[in-house]
Amino acid sequence: MSVAAFIANNKDRFLNELLELLRIPSVSADPKFKNDVFAAAQFVKKSLEKAGADVAEICETAGYPIVYGEKIIDPALPTVLVYGHYDVQPADPYELWDSPPFEPVIKNTPNHPEGAIFARGSADDKGQFYMHIKAFEAMMASGDLPCNVKFMIEGEEEVGSDNLDKFVLENKERLKADVILISDTHMISMQDPSITVGLRGMAYMEVEVTGSNRDLHSGTYGGAVANPINVLCKMIASMKDENEHITIPGFYDKVQELTAQQRQRLNEAPFDLNEYKGKLDIDDVHGEKGFTTIERVGIRPTLDVNGIWGGYTGEGAKTVLPSKAYAKISMRLVPDQDWHEIAQLFESHFKANAPKSVKVKVKAHHGGAPAVVSDSSIGYQAAEAAMEETFGKRPIPTREGGSIPIVALFQKELGSDPILFGFGLDTDALHSPNEHYGVKNYFIGIETIAAFFRHFRKLSGK
């Protein structure tokens, strides 16, 4: 039986297995889901074993485990390393989901007329990494696995991959491969397939502003004592000027500026601004002056408040002047910004800007380096050929605004450019309520991954 025939004959099972994985609430950020994260790791291990891996094991770390698997058919053949993550973002706020986040349902949508799987983790990243396991199974079952394959599926990507560096450094020889495949990105559309060649890095911070030693009556003390929420809002607002340019001294010192030709090529990707605004139900876009929307997302750094709280937020009224206010702030970074340096610049600036009426604390949660990958490597050429085969159209190289910190790590320590081989869409509500992933995307991803193996071996000349 051919690979394509095996996939076609096992569609229902492939889909049901993914739904089973999605029912496991493997939220790495919330300790109450600890057992579920470990359960997801076991599910991945068993799936690799059933698919035909000779090695499938749970590798313990200081945090959540990494699942490693491999099938070496001939050391003389090319080796493909697959990376993915089985942990997911928190599903909060639950009340904004149309269906429970860990009870997957399939519904038709305008972007997914063949159906989309609604569940937390469906697109990021369970649906995408599981495509690789099913493609591997199909190639094994048909006796047509053209390359050696290794899997490294982690459980801490959504909280910064704190323990991945150590694992990679200690297992460089074991992880050695000719190419690395990562499906944790999206395409322009099903009509315009694309391959991501650039990702932004990130520095994620938390700040605390303290005024008085306790909450105060806003009538008795209001106007005489600093309100930490007011102060915090003012401090955050001061971090951008009228052109949405970030005002932290030194922030742009190492930003890699693209040439006019590079910017022109980037803007050749299909993009309809009115359609973009319509999908988001906004009247206009907003961002750094002098750059297009595509450029703002792909090649420019940002500073955004991800959460802010303090005081009384319950039902009804409580006239309180709060003692503390908090915010979580992320900065997306571009080559050649270093997240450790940016975190220090942020902390210094934030503390220097605080009035004497308050005290501030700054904590760096996690971060990662930006990355640009080659679009002329054998791996990219194989991915390009595979997509052209299954989609009937040559993919477009694009830069994406998200962050996958391990890409730069792989480039540095494993000496290989990862191929960012994602099949989601930017409308799939990643990190949001009602996250979903197209059923068609899932299956065409499996087919395309199998095609990649064929093309990669052929182009490698082995």
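Q: Is the crossing of α2 and α14 left-handed or right-handed?
A: The crossing of α2 and α14 is right-handed, meaning that the near helix is turned clockwise from the far one by less than a right angle.

Q: What sort of model is this, and how are residues numbered?
A: The model is predicted, with local features needing pLDDT of at least 70 and side-chain atom pairs counting only at pLDDT 80 or more, while totals for chains, interfaces and linings use all residues. Residues are numbered from 1 along each chain as its sequence is written, and side-chain values use heavy atoms, leaving out hydrogens and water.

Q: Back to α2 and α14. At what angle do the axes cross?
A: At roughly 110°, and the axes of α2 (residues 11-22) and α14 come within 11 Å. The two helices are therefore roughly perpendicular to each other, a label for angles of 65 to 115 degrees.

Q: Which residues make that contact?
A: Lys11, Phe14, Leu15 and Leu18 of α2, with Tyr442, Phe443 and Ile446 of α14. Contact means heavy atoms within 4.5 Å. By class, the contact of α2 with α14 has six nonpolar, no polar and one charged residues.

Q: How does α4 pack with α14?
A: Helix α4 (residues 126-141) and helix α14 (residues 439-460) pack at an angle of about 55°, and their axes are 8 Å apart. That makes α4 oblique to α14, where oblique covers what is left after under 35 degrees (roughly parallel), over 145 (roughly antiparallel) and 65 to 115 (roughly perpendicular). The crossing of α4 and α14 is right-handed.

Q: Which residues of α4 and α14 meet?
A: From α4, they include Tyr130, Met131 and Lys134; from α14, they include Tyr442, Ile446 and Phe453. The residues of this contact of α4 with α14 divide into nine nonpolar, four polar and one charged.

Q: New topic: how is the protein divided into domains?
A: Into domain 1 (3-199 + 370-460) and domain 2 (201-255 + 301-368), with bounds from an automatic or database domain assignment. The contact takes 10 residues from domain 1 and 10 residues from domain 2.

Q: What separates the centres of domain 1 and domain 2?
A: 35 Å, taken over C-alpha atoms.

Q: And where is Lys46 found?
A: Lys46 is in helix α3 (residues 34-51). Its relative accessible area is 47%, so Lys46 is partly exposed, the class between buried (under 20%) and exposed (over 50%).

Q: What separates the C-alpha atoms of Lys46 and Thr292?
A: They are separated by 46 Å, and the two residues are 246 residues apart along the chain.

Notes
Axes fitted to C-alpha atoms, helices over the stretch in contact; angles between N-to-C directions. Helix = DSSP H or I, 4+ residues; strand = E, 2+ residues; numbered from the N terminus. Nonpolar A, V, L, I, M, F, W, Y, C, P; charged D, E, K, R; others polar. Buried < 20%, exposed > 50% of the residue type's maximum accessible area, 1.4 Å probe, protein only.
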